[in-house]
Amino acid sequence: MTDLFSPYKMGKFNLSHRVVLAPLTRSRALNGVPQPALVEYYRQRSTEGGLLISEATPIAQEGIGFPHVPGIYTEEQIEAWKKVVDAVHDKCGLIFCQLWHAGRASHKIYQPGEGAPISSTSRSISENWKILMPDGTRDNFSKPRALETGEIPKVVEQFRQAAVNSIRAGFDGVELHAAHGYLIDQFLKDGINDRTDEYGGSIENRCRLLMEIVQVAVAAIGSDRVAVRISPVINFVDAMDSDPLNLGLTVVKQLNALQADMGMKLTYLHVTRPRYLPSPEQIGTENEEVKLMQTLRRAYQGTFMSAGGFTRELGMIAMADGDADLISYGRLFISNPDLVYRFKINAPLNEYIRETFYTHDPVVGYTDYPFLDQESNDKDYPMTKVCSREN
Ligand SMILES: Cc1cc2nc3c(=O)[nH]c(=O)nc-3n(C[C@H](O)[C@H](O)[C@H](O)COP(=O)(O)O)c2cc1C
């Protein structure tokens with residue numbers, strides 16, 4: 001029976017288990033450049049044949065929506081990422097770079113010349129949501145400027161260049177961040193996108209930006225190095241859609257059609273469900289979420305990764321039921337650098353400390369969560385040997 005420790009062939013990559021590090025913004029990259037602390041953090045979480053996804057990584061300064069996040073658009077950033085990637089590869093792990101543009105989920109303080117953030121719309125995120133500022137305080141999101149149709153190719157090009165830069169830094173692939181209310185999701189969701197051009201209105205039009213970005217990324221670095229993350233049901237920063245199932249299914253159908261056209265698959269589709277931050281109206285709707293995830297899983301013709309509120313037990317159940325090929329873990333991986341090992345031997349877990357999720361200390365709440373036994377930090381995990389990560 002398939003479980004979290006069954007090996008998995010993800011396109012050309014050989015994974016020795018199904019426990020993936022979810023993309024996690026940690027705000028430890030001072031001045032937008034990965035620091036030695038990031039090298040240690042990702043090294044700690046690497047396992048032989050295990051997949052890590054980097055924190056959301058802006059593709060341009062305009063894409064920043066959090067303090068101290070590492071970019072992938074300058075030579076200095078690319079050079080610094082190489083050290084992170086090398087540390088993961090030294091442990092025979094794999095790492096994808098999550099490419100991110102925050103769109104309107106930003107503040108003018110993060111923007112070039114303190115200009116307005118860009119979006120599909122000129123409507124602001126409501127004041128129910130606040131943005132984290134560099135000094136640790138919270139403020140309202142800034143009013144965005146709706147992109148002119150003729151400006152959209154520039155954004156698509158920034159994603160393409162960032163994909164190329166990621167491969168130059170040594171990443172094994174990229175995950176396009178089309179989830180959680182950021183720029184691509186601001187085009188996907190009808191609760192935000194109020195455009196009247198070919199990027200708004202019908203569901204196909206709202207998917208256009210995502211599909212253009214997928215296609216340029218595939219053309220630049222190959223389909224087997226490109227993955228997509230979506231969150232049809234997550235309404236973080238007002239990212240509501242009136243028909244999340246139809247939206248999710250349309251993205252899936254378009255990705256399937258693209259794959260059929262190319263005769264090749266993307267690396268994976270990653271779907272998040274909202275359990276980690278349920279809004280009052282979502283509480284009690286877990287069964288609908290599970291059904292939506294299962295429907296998308298059945299419809300997608302490729303590797304399916306699921307995230308959101310998974311424990312070891314829930315991950316094992318999802319594997320046994322065939323509800324996903326891979327599970328990504330967020331908060332549990334923050335506080336358990338050796339999560340894979342602990343899951344393997346069913347050991348107790350460290351609890352995470354929410355207060356230090358986004359603080360900037362290079363050690364505290366970042367690389368100082370204890371290993372089960374300090375030796376397991378350095379010794380091999382009891383996994384199948386698959387150091388040839390791809391074949
Ligand atoms: C501190 C923190 C930072 C996060 N940063 C990102 C991110 O950069 N990109 C992203 O797609 N999701 C991000 N997420 C969402 C996680 O990837 C994941 O989907 C979520 O935490 C649910 O998984 P969990 O229940 O295992 O924590 C973040 C979550 C947390 C708690």
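Does phenylalanine 343 count as buried or exposed, and at what relative accessibility? At 1% relative accessibility, phenylalanine 343 counts as buried, where buried means under 20% relative accessible area, exposed means over 50%, and partly exposed lies in between (1.4 Å probe, protein chains only).

## About the model

This is a predicted model, in which local features need pLDDT of at least 70 and side-chain atom pairs count only at pLDDT 80 or more, while totals for chains, interfaces and linings use all residues. Residues are numbered from 1 along each chain as its sequence is written, and side-chain values use heavy atoms, with hydrogens and water left out.

## The chain as a whole

Let us start with the overall picture. The secondary structure comes to 11 helices and 14 strands; these are DSSP runs, numbered from the N terminus, with helices (H or I) of at least four residues and strands (E) of at least two. Taken along the principal axes, the C-alpha atoms fill a box of roughly 55 × 45 × 40 Å.

Of the 391 residues in the chain, 59% are buried. Among contacts with a separation of 6 or more, 74% join residues 24 or more positions apart; a contact means heavy atoms within 4.5 Å.

## Surface and charge

The chain exposes about 14,900 Å², and carbon and sulfur atoms supply 53% of that area. Accessible areas come from the Shrake-Rupley method with a 1.4 Å probe, and for residues only the protein chains shown count as cover.

There are 41 positive and 49 negative side chains, and the centres of the two sets lie 2 Å apart. Here Lys and Arg count as positive and Asp and Glu as negative, with His and the chain ends not counted. Each charge is placed at NZ of Lys, CZ of Arg, CG of Asp or CD of Glu.

## Aromatic pairs

Next come the aromatic rings. The count comes to 15 aromatic pairs, using rings of Phe, Tyr and Trp (its six-membered ring) with centres within 6.5 Å; planes under 30 degrees apart count as stacked, over 60 as edge-to-face and the rest as tilted. One of these pairs joins phenylalanine 13 and phenylalanine 96 edge-to-face, at 6.0 Å centre to centre and with 75° between the planes. Phenylalanine 13 lies in strand β2 (residues 13-15) and phenylalanine 96 in strand β5 (residues 94-100), so this pair ties together parts that are 83 residues apart in sequence. At 0% relative accessibility, phenylalanine 13 counts as buried, and phenylalanine 96 counts as buried at 0% too.

Tyrosine 329 and phenylalanine 343 form another edge-to-face pair, 5.0 Å centre to centre with 75° between the planes. Because tyrosine 329 lies in strand β14 (residues 326-329) and phenylalanine 343 in helix α11, the pair ties together parts that are 14 residues apart in sequence. Tyrosine 329 counts as buried, at 1% relative accessibility. Elsewhere, one aromatic cluster is formed by Phe66, Trp100, Trp129, Tyr182, Phe236, Tyr352, Phe357 and Tyr358.

Arginine 342 lies in helix α11 and counts as buried at 4% relative accessibility. Leaving aside neighbours within four places in sequence, arginine 342 is in contact with residues including Asn336, Ala347, Pro370 and Phe371.

Glycine 201 is found in the loop between α4 (183-188) and α5 (203-206), and at 48% relative accessibility it counts as partly exposed. Beyond neighbours within four places in sequence, glycine 201 is in contact with Arg195 and Arg206. Methionine 316, in helix α9 (residues 312-321), is buried with a relative accessible area of 18%. Methionine 316 and threonine 2 are 314 residues apart in sequence and 8.3 Å apart in space, C-alpha to C-alpha.

## Positive phi angles

Aspartate 238 has a positive phi near 65° and sits in the loop between β11 (226-230) and α7 (244-262). Asparagine 346 has a positive phi near 55° and lies in the segment after α11 (339-345).
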